[in-house]
Amino acid sequence: MPIAACPYNRRFTLSGAPGARSGLTMNDFLHKLPEFIGHHVALSALFVILLLALIVMQISTLFSKVRELTPAGLTALINRDNPLLIDLSAQADFEKMHVPGAKHVAMSQFDPEKKELAEAKSLPVVVMDKDGRGNSAKAAQRLLKAGFEKVHTLGGGVLAWHSAQLPVAKGNK
């Protein structure tokens, strides 16, 4: 087979268009890669570390028992299963806006072993906070350890719910 007929041996220009005569072939690239790595050890090591971190994060997300819901996913879950909604936002944030039907619980008072929560072990439970970066993941892990089976978090928190233009409640209820 002539070299030009091999689909992996195409030439690319800076614009990425195949067929131009200037540029590197894939074979040239693979031969120069060890030289590049040798000259840029720190950059190459950083790339490998970031790549491994990304892979580990994706694998841990894949095997996690806690599922992160989008606002649309939470809407579907509410319509289908009537889950228990727990909002761990600060009291002032909860009063400004929260998902309708959510119960406010301060993280300092969050206890999965409480009688009211223990009765809901068979229900789906959705834990949320203001922006999805706070305590919801920690609380979800605590619920799993306490024996809850269907535990979810709201990705992006109440702000994502509001950004999706879904209805919000205000006040203490």
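Is Thr-153 buried or exposed? Thr-153 counts as buried, since its relative accessibility is 9% (buried is under 20% relative accessible area, exposed over 50%, partly exposed in between, with a 1.4 Å probe and protein chains only). Here are my notes on the rest.

1. Ground rules. This is a predicted model, where local features need pLDDT of at least 70, side-chain atom pairs count only at pLDDT 80 or more, and totals for chains, interfaces and linings use all residues. Residues are numbered from 1 along each chain as its sequence is written, and side-chain values use heavy atoms, with hydrogens and water left out.

2. Overall layout. You'll find 7 helices and 5 strands in the chain, where helices (H or I, at least four residues) and strands (E, at least two) are DSSP runs numbered from the N terminus. Going along the sequence, the pattern reads α-α-β-α-β-α-β-α-β-α-β-α. Of the 173 residues, 28% count as buried. Take the contacts (heavy atoms within 4.5 Å) with a separation of 6 or more: 64% of them come from residues 24 or more positions apart.

3. The sheet. The 5 strands make an open sheet in the order β1-β5-β4-β2-β3, with parallel pairing; two strands pair if DSSP finds at least two bridges between them. The edges are β1 and β3, each of which pairs on one side only.

4. Strand β2 and its neighbours. β2 (residues 84–87) has 4 bridges to β4 (residues 125–128) and 2 bridges to β3 (residues 103–104), running parallel to β4 and to β3. Asp-87 has His-104 as its bridge partner in β3. From β2 the chain goes through helix α4 (residues 91–96) to β3, a right-handed β-α-β crossover (with the strands pointing away from the viewer, the path from the first strand over the helix to the second runs clockwise).

5. Both faces of β2. In a regular strand the side chains alternate between the two faces of the sheet. In β2, Leu-84 and Ile-86 lie on one side, Leu-85 and Asp-87 on the other, and all of them are buried.

6. Ile-86. This β2 residue is buried because its relative accessible area is 2%. Its bridge partners are Val-127 in β4 and Lys-103 in β3. Leaving out residues up to four places away in sequence, Ile-86 touches Lys-103, Val-105, Phe-110, Leu-117, Val-125, Val-126, Val-127 and Met-128.

7. Largest pocket. It holds about 360 Å³ of space. Of its 17 lining residues, the closest to the centre are Ser-64, Val-66, Glu-68, Ala-137 and Thr-153. The elements giving two or more residues to the lining are α2 (41–63), β1 (67–69), α6 (136–145) and β5 (151–154). A pocket, on a 1 Å grid over the protein atoms alone, is an open set of points where a 1.4 Å probe fits, with protein on both sides within 12 Å along at least five of seven lines; lining residues have an atom within 4 Å of a point. The lining divides into 4 nonpolar, 10 polar and 3 charged residues, with Asp, Glu, Lys and Arg as charged, Ala, Val, Leu, Ile, Met, Phe, Trp, Tyr, Cys and Pro as nonpolar, and the others, Gly among them, as polar.

8. Back to Thr-153. Thr-153 sits in strand β5. Beyond residues up to four places away in sequence, its contacts include Val-66, Glu-68 and Ala-137.

Key
Points joined across faces, edges and corners; volume = space filled by probe spheres on them.
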